[in-house]
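Take a look at the chain first, and then we can walk through it topic by topic.

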Amino acid sequence: MQLDTATGWCQGIRHCPSPNFNKRPDGEVSLLVIHNISLPPGCYGTGKVQQFFQNDLPASEHPFFETICELQVSAHFLIERDGAITQFVSCLDRAWHAGVSRFGEREGCNDFSIGIELEGSDFEPFSDAQYAALIPLCQLLQQAYPAITPERICGHSDIAPGRKTDPGPAFDWQRLRMAGVSSTNEFR
Ligand SMILES: [Zn+2]
């Protein structure tokens with residue numbers, strides 16, 4: 001896996017381009033946000049997250065899909081349960097993953113962050129394969145964007161408290177700390 005910094009796309013992983021992005025207002029990339037998602041919730045390997053990020057979720061297939069199918073969202077990366085990584089948006093561009101959010105004094109975290117979705121749910125442990133993919137991906141992004149210091153890797157729940165709960169209590173921050181990727185930040 002390599003990151004082509006000229007294009008913002010990682011080579012050696014699957015690409016599934018999403019239309020849900022726009023330009024970063026000042027090009028800054030200085031925060032990494034970890035999420036979880038599964039569609040339908042708690043079901044894995046369905047391919048529906050990819051369809052959701054491409055505005056192609058079949059609303060009629062599940063009652064939950066009807067409630068979200070009009071949303072236009074994306075993340076830069078998805079890591080499935082088997083550790084497969086898919087990229088949806090160039091790191092140079094602003095993906096739509098954080099929503100109303102604040103890191104420290106700054107609001108609108110999409111402007112300056114990269115979003116990584118782990119296929120999962122708040123209370124179910126993530127797989128070893130997911131950590132084995134996440135840690136080198138974080139390292140790759142930190143090499144390309146040194147402003148993403150260990151203190152600036154956070155969860156969605158950290159930047160949207162009261163509104164978002166992911167990646168949830170089952171996410172093992174200690175694994176990231178042990179790898180030197182993440183450190184204690186203002187949130188934990
Ligand atoms: Zn999230």
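Which residues does Phe53 touch, not counting residues up to four places away in sequence? They are Ser18, Pro19, Asn20, Ile37, Val73, Ser74, Ala75, Phe88 and Glu117. Please keep in mind that this is a predicted model. The UniProt record, an unreviewed entry, annotates residues 18-168 as "domain: N-acetylmuramoyl-L-alanine amidase".

**The zinc site**

- Three residues coordinate the zinc ion at 2.1 Å: His35 through ND1, His156 through ND1, and Asp166 through OD.
- Along the sequence, these donor residues follow the spacing H-x120-H-x9-D.
- His156 belongs to helix α4 (residues 156-159) and Asp166 to the loop between α4 and α5 (173-178), so this pair ties together parts that are 10 residues apart in sequence.
- His156 counts as buried because its relative accessibility is 4%, below the 20% cut-off.
- Asp166 is buried as well, with a relative accessible area of 7%.
- Pro167 sits in the loop between α4 and α5.

**The nonpolar cores**

- As background, nonpolar side chains tend to be buried together in soluble globular proteins.
- The largest nonpolar core here has 29 residues, and Phe77, Ile116, Leu141 and Leu176 have the most contacts inside it.
- At least two residues of this core come from each of β5 (31-37), β6 (77-79), β11 (113-119), α3 (128-144) and α5.
- Helix α3 provides the largest share of this core, with 8 residues.
- Ile116 touches Leu32, Val33, Ile34, His35, Phe77, Ile79, Leu134, Leu137, Cys138 and Leu141, leaving aside residues up to four places away in sequence.
- One of those contacts, His35, is a zinc donor.
- Another core, of 14 residues, lies apart from the largest one, and its members include Cys16, Val49, Ile68 and Ala95.

**Aromatic rings and charges**

- There are 5 aromatic pairs in the structure.
- Phe126, Tyr131, Phe171 and Trp173 are linked into a cluster by ring pairs.
- Arg81 places its charged end over the ring of Tyr44, 4.3 Å from the ring centre.
- Arg106 lies over the face of Phe112, with a distance of 4.0 Å to the ring centre.

**Backbone features to look at**

- For context, most residues other than glycine have a negative phi, and most peptide bonds are trans.
- The peptide bond from Leu39 to Pro40 is cis, with omega near -15 degrees.
- Pro40 is part of the loop between β5 and α1.
- Asn55 is not a glycine, yet it has a positive phi of about 55 degrees.
- You will find Asn55 in the loop between α1 and α2 (63-68), where its relative accessibility of 34% makes it partly exposed.

- Phe53, from the opening question, lies in helix α1 (residues 48-53).
- Is Phe53 buried or exposed? It is buried, because its relative accessible area is 1%.
- Phe53 and Ser113 are 60 residues apart in sequence, and their C-alpha atoms are 17 Å apart in space.
- Asp4 belongs to strand β1 (residues 2-4) and is partly exposed, with a relative accessible area of 30%.
- Asp4 touches Trp9 and Gln11, not counting residues up to four places away in sequence.
- The C-alpha atoms of Asp4 and Ser90 are 9.8 Å apart, although these residues are 86 residues apart along the chain.
- Phe103 is part of strand β9 (residues 102-103) and counts as buried at 9% relative accessibility.
- Phe103 and Pro125 are 22 residues apart in sequence and 26 Å apart in space, C-alpha to C-alpha.

Key. Residues are numbered from 1 along each chain as its sequence is written. This is a predicted model: local features need pLDDT of at least 70, side-chain atom pairs count only at pLDDT 80 or more; totals for chains, interfaces and linings use all residues. Side-chain values use heavy atoms; hydrogens and water are left out. Rings of Phe, Tyr and Trp (its six-membered ring) pair if their centres lie within 6.5 Å; planes under 30 degrees apart count as stacked, over 60 as edge-to-face and the rest as tilted. A charge sits over a ring if NZ of Lys or CZ of Arg is within 6 Å of the ring centre and within 35 degrees of the ring normal. Donors are N, O and S atoms within 2.8 Å of the metal (3.2 Å for Na, K and Ca); water is not among the atoms, so sites may look incomplete. Helices (H or I, at least four residues) and strands (E, at least two) are DSSP runs, numbered from the N terminus. Buried means under 20% relative accessible area, exposed over 50%, partly exposed in between (1.4 Å probe, protein chains only). A nonpolar core is a set of buried Ala, Val, Leu, Ile, Met, Phe, Trp, Tyr and Cys residues joined through side-chain atoms within 4.5 Å. Contact means heavy atoms within 4.5 Å. UniProt positions are given in the numbering used here, feature names are shortened, and annotations may be inferred rather than shown by experiment.
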